[in-house]
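User: I would like to learn how to read a fold feature by feature. Where do we begin?

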Amino acid sequence: MKKLMLISAAALLVSTGAMAQTTITTTTGAGHGAAVQIEPEYRTKIRSYVTERKIRPVETREKIVVGSPVPSDVELAAVPSDWGPSLTKYRYVYSGSRVMLVDPGSRMVVQEID
């Protein structure tokens, strides 16, 4: 029984590692919903978008972090299509020089783009 569990766990780890190597994937994080993998060129596009358009950062009492919900009084912005087709289902918030991807249904932060 223990061998079967170990083999299953190893197979799961190998399959998860293979998924992380694709261009943009959504994988399940441990207890915090989805974790989003973003290629460096898309990260550069996102940072450029925020800088060039002079997006104003939102100010909140609590720090906005991955795995926590965004306060209900914070407006979430639509993700532009040129950030990548897999990201358009999310919203974003710009807070303290960081872009945070947010699941609009739960308002949970799923990824910080540094």
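User: Which residues have the most contacts inside the largest nonpolar core?

Analyst: This is a predicted model. Its largest nonpolar core has 16 residues, and those with the most contacts inside it are Trp83, Leu87, Val99 and Leu101. At least two core residues come from each of helix H2 (40-52), strand E4 (91-95), strand E5 (98-102) and strand E6 (109-113). H2 gives the most, with 4 residues. Another core, of 8 residues, lies apart from it; Val74, Met100, Val102 and Val109 are among its members.

User: How many bridges join E4 to E5?

Analyst: The antiparallel strands E4 and E5 are joined by 5 bridges. In one of these, serine 95 has arginine 98 in E5 as its bridge partner. The two strands form a hairpin with 2 residues between them. Look at glycine 96 in that turn: its phi is positive, about 55°.

User: And how many bridges join E5 to E6?

Analyst: E5 and E6 also run antiparallel, with 4 bridges between them. Leucine 101 has glutamine 111 in E6 as its bridge partner. This hairpin has 6 residues between the strands. Within it, arginine 107 takes a positive phi near 65°.

User: How do I read the two faces of a strand? Which residues of E5 lie on each side?

Analyst: In a regular strand, side chains alternate between the two faces of the sheet. Now apply that to E5. Arg98, Met100 and Val102 lie on one side, with Val99 and Leu101 on the other. Both faces are covered, and these residues are all buried.

User: Let me try a loop residue. Where does valine 70 lie, and what does it touch?

Analyst: Valine 70 is in the loop between H2 and E3. Its relative accessibility is 4%, so valine 70 counts as buried. Beyond residues up to four places away in sequence, valine 70 touches Ile64, Leu76, Val93, Val102, Arg107 and Val109. Also check sequence separation against space. Valine 70 and methionine 100 are 30 residues apart in sequence, with 9.6 Å from C-alpha to C-alpha.

User: Lysine 54 is in the loop between H2 and E3 too. What is its phi?

Analyst: Phi of lysine 54 is near 50°, a positive value in a residue other than glycine. Accessibility is the next thing to read. Exposed means over 50%. Lysine 54 is at 69% relative accessibility, so it counts as exposed. Arginine 107, in the loop between E5 and E6, is also a residue other than glycine with a positive phi, near 65°.

User: Last, the rings. How many aromatic pairs does the structure hold?

Analyst: There are 3 aromatic pairs. One of them joins tyrosine 49 and tryptophan 83 edge-to-face, at 5.4 Å centre to centre with 90° between the planes. This pair links distant parts of the chain, 34 residues apart: tyrosine 49 is in helix H2, and tryptophan 83 is in the loop between E3 and E4. Both of these residues are buried.

User: What is the geometry of the pair of tryptophan 83 and tyrosine 92?

Analyst: That pair is tilted, with 4.9 Å centre to centre and 50° between the planes. Tyrosine 92 is buried, as is tryptophan 83. Together, ring pairs link Tyr49, Trp83 and Tyr92 into a cluster. Trp83 also brings us back to the largest nonpolar core, where it is one of the residues with the most contacts.

Definitions and conventions: Residues numbered from 1 in each chain as written. Predicted model: local features only at pLDDT ≥ 70, side-chain atom pairs only at ≥ 80, totals over all residues. Heavy atoms only, no water. Core = buried A, V, L, I, M, F, W, Y, C linked by side-chain atoms within 4.5 Å. Buried < 20%, exposed > 50% of the residue type's maximum accessible area, 1.4 Å probe, protein only. Pairing = 2+ DSSP bridges. Phe/Tyr/Trp six-rings, centres within 6.5 Å; stacked < 30°, edge-to-face > 60°. Contact = heavy atoms within 4.5 Å.
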